[in-house]
Amino acid sequence: MAADKPKMPIESGAPDGFQYMHPTMRRNFGQWKYHERPRPGVLKHVAHSGDEIYTIRVGTSRILDVFTLREITRIANELGDGFIRFTIRSNLEYMVDDEAKVAPMIEAIEKAGLIVGGTGPTITSPSHTQGWLHCDIPGSDASGVVKSMMDELVEEFKREEMPNRVHITTSCCQINCGGQGDIAINIQHTKPPKIAHELVANACERPTVVARCPVAAIRPAMVDGHPTLEVDEKKCICCGACYPPCPPMLINDAVYTTLAIWVGGNHSNARGKPTFQKLVAAGIPNNPPRWPEATALVKRILKVYKEDAKDWERMNDWIERIGWFGFFEKTGLPFTKFHIDDWRGARNSLNASTHIRF
Amino acid sequence: MPKVKIYDTPMLDELENGEWPSFISGIKRLRDDHPNERINNMVNGLLGQLEHSYETRMGWWKGGTVSVFGYGGGIIPRFSEVAEHFPESKEFHTVRVQPPAGNFYTADILNKLADDWEQHGSGLQTFHGQTGNIMFIGSTTDEMQPFFDKINAYGWDLGGAGPCVRTAMACVGAARCEHSCTNEHGLMRHLVNEFQDDLHRPALPYKWKIKVSGCPNDCTNAIERADMAVIGIWRDDMKVDQEEVKKFVEAKGRDYVIDNVTDRCPSNAIKLNDDNTVDINNQECVRCMHCINVMTKALAPGDDTGVTILIGGKRTLKIGDMMGTVVVPFMKVDTMDQIEALVELTGEMIDFFAENALEHERTGEMIERIGLVNYLEGLGLDLDPNMVSEPRQCSYVRMDGWDEEVKKWYDKKAEAASA
């Protein structure tokens with residue numbers, strides 16, 4: 001039998017969400033009036049029509065095996081209305097239009113080992129990257145970091161007791177796919193790449209790699225008869241940007257690849273303009289399987305934030321009020337020369353005033 | 001149970017302790033309890049290699065080139081560098097799939113997708129990756145085409161990967177949020193579905209990401225993470241239900257409202273009156289959303305809604321972090337003509353990026369290099385003081401065309417006044 005002719009793809013793009021949307025949400029599209037949070041993990045939205053929709057927000061392991069996924073869908077079909085969505089932080093959400101369905105669903109969700117919470121001023125699900133499970137350039141395993149950390153922060157996922165919402169992110173390389181967060185736990189490399197010179201010419205498009213370096217530290221070279229690349233280690237900032245286009249320039253290291261913690265990233269325009277996260281701690285060992293040093297530091301920062309910040313202050317709002325002097329004083333974290341920026345535009349981050357805190 | 005030796009995973013086993021749901025327990029269930037031996041074996045290899053990563057503190061996957069017929073990107077190929085030790089998962093590719101706008105699913109469609117992935121892949125999936133794709137994680141090269149053909153036939157398409165238009169993202173928006181200022185889902189689909197050719201066949205200098213948020217709370221993190229951020233906003237007066245304001249003030253107390261609402265207004269545009277109503281100075285309001293977030297029953301965005309467009313957001317690589325910056329302060333997107341104008345502008349932005357960016361340069365970096373004015377002029381966009389935090393402060397600029405530029409400004413004003 002002749003092989004089937006290959007089928008051209010149907011370039012349908014992003015599907016229409018309406019076909020998978022709860023009928024109450026379809027009916028009241030664009031007609032919502034307000035919302036309340038009857039309990040942590042539950043949202044109640046009320047439409048101008050008087051219709052109501054209840055949302056139960058759930059923390060999961062993010063990487064879902066098919067058994068867990070079928071348990072999630074079973075709960076939706078048997079106890080709910082059959083509708084599910086995911087927030088951009090991978091929180092799972094069930095939507096039902098009858099308040100009476102909420103309590104039995106919560107019971108079933110918790111029985112299935114999932115966690116109800118993540119609404120309002122909680123530590124909601126961290127957004128994170130693939131790590132050692134699937135990425136080709138990871139210095140760490142974000143899934144493991146998140147699992148270990150959330151085991152210790154789970155009560156703050158379940159209770160709405162933080163000053164405002166807390167978004168945590170983790171990333172396995174300095175590209176930072178986890179994104180900006182109130183707290184970010186990200187890989188920080190501390191040594192230049194180790195180059196397998198005999199492999200470079202075959203594996204890498206060398207001009208591309210030279211162009212990729214943010215500090216122009218890479219140049220073509222000949223080593224032991226191999227056309228290759230060399231790194232000016234005095235200039236190198238150990239960012240790892242050369243590694244994805246040139247895997248023989250190995251940046252990851254079992255010892256010198258470490259973790260750093262950044263705080264105060266906030267995507268929202270509420271109150272101040274959006275902010276990027278800032279370095280507060282580094283040199284944290286990349287210590288699987290449970291990364292206890294990273295979790296301890298995150299908890300230390302969160303404890304001070306929870307005690308000291310006022311209602312509605314996100315991490316960046318709080319630090320703006322107490323100042324960075326106040327942040328380092330209150331957390332007891334060391335302030336080093338590495339905290340002072342020297343990248344382009346850095347002078348704008350210096351204090352050009354007599355606004356001094358004591 | 002797999003008929004091969006199960007790899008020991010003492011370090012991974014530590015991640016089965018604790019209350020937060022464990023991805024390791026989930027993967028182990030596939031290894032130990034799944035009726036399909038192919039899945040048992042593949043996942044056994046995966047766990048073996050992951051344990052090896054935990055022990056060596058190194059990753060052991062490398063990329064490659066795998067796609068489906070007719071497309072250039074969308075599959076993330078992974079070949080094991082330690083396949084001699086863990087041959088069962090030597091090929092472990094991920095299929096990126098574009099989600100529905102707003103990330104809506106029925107339980108039934110999730111089951112259908114999972115059934116098909118179970119037949120062709122590892123039984124592992126993630127909703128969603130950081131750009132917004134559904135990720136079906138782990139299978140061999142041979143299984144990519146049959147899996148894609150199956151799900152493509154009932155409405156699912158591959159996502160973006162590489163230097164191309166990427167999978168787009170929209171917030172929950174008008175489907176459930178009282179803050180929504182636009183049809184986020186509709187805009188997202190119009191914007192990304194028009195450019196599927198540029199999404200499936202990577203040919204741009206680098207990524208082009210589009211995110212749509214329905215209000216300035218920007219729940220999709222568009223300003224920080226997208227080359228093109230489309231954010232719902234309003235330009236008329238905020239809506240105030242003074243009876244609800246009074247109820248809120250009576251329930252919470254005046255001190256609470258002063259501390260948490262009026263004092264937190266970034267432009268001092270809201271005032272609490274003696275009779276427990278509020279006055280809003282809508283000319284000075286910057287539409288930050290804070291008071292509306294706190295008093296969701298009493299305050300709401302206005303009715304004359306549209307979108308603000310910010311261009312050039314990205315993370316560090318290569319010249320440093322960049323927020324998107326305003327290039328269109330306000331645009332109506334109520335009618336199909338207006339939406340088509342936005343789609344057309346998007347196409348021009350993608351074309352300008354394709355023609356002017358250097359290899360591996362994002363739009364924000366290109367604008368940094370050429371200057372915002374060249375970008376705006378290239379696209380024919382009107383200047384507006386809302387595009388800057390402050391005007392130029394350095395006098396080192398040649399300004400011998402001043403009078404012509406002033407004339408352009410007054411001509412635009414006159415044109416707007418007569419329209």
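A: Begin with the elements: helices (H or I, at least four residues) and strands (E, at least two) are DSSP runs, numbered from the N terminus. In chain B, the secondary structure comes to 15 helices and 16 strands. This is a predicted model, in which local features need pLDDT of at least 70, side-chain atom pairs count only at pLDDT 80 or more, and totals for chains, interfaces and linings use all residues. Residues are numbered from 1 along each chain as its sequence is written, while chains are lettered from A and ligands numbered from 1 in the order in which they are written.

Q: How many residues of chain B are in contact with chain A?

A: Two residues are in contact if their C-beta atoms, placed from the backbone, lie within 7 Å. Here 104 residues of chain B are in contact with 94 residues of chain A. Helix α4 (residues 107-120) of chain B gives the most to the side of chain B that touches chain A, namely seven residues.

Q: Which strands of chain A and chain B are joined by three bridges?

A: Two strands pair if DSSP finds at least two bridges between them. Strand β5 (residues 83-86) of chain A and strand β5 (residues 104-106) of chain B run antiparallel and are joined by three bridges. One of the partners is B:F104, which stands in β5(B) as the bridge partner of A:R85.

Q: What is the order of the strands in the open sheet?

A: The open sheet has five strands in the order β4(A)-β6(B)-β7(B)-β4(B)-β2(B), with antiparallel pairing. Its edge strands are β4 (63-65) of chain A and β2 (75-76) of chain B, each pairing on one side only. Within the sheet, strand β4 (residues 94-97) of chain B pairs with strand β7 (residues 134-137) of chain B over four bridges, and B:R96 stands opposite B:M135 in β7(B).

Q: At what angle do the axes of α4(B) and α5(B) cross?

A: Axes are lines fitted to C-alpha atoms, for helices over the stretch in contact, and angles run from 0 to 180 degrees between N-to-C directions. The axes of α4(B) and helix α5 (residues 141-153) of chain B come within 10 Å and cross at roughly 160°. That makes α4(B) roughly antiparallel to α5(B), a term for angles over 145 degrees. Residues that meet there include B:L113 and B:W117 in α4(B), and B:P146 and B:F147 in α5(B).

Notes
Angles under 35 degrees count as roughly parallel, over 145 as roughly antiparallel, 65 to 115 as roughly perpendicular and the rest as oblique.
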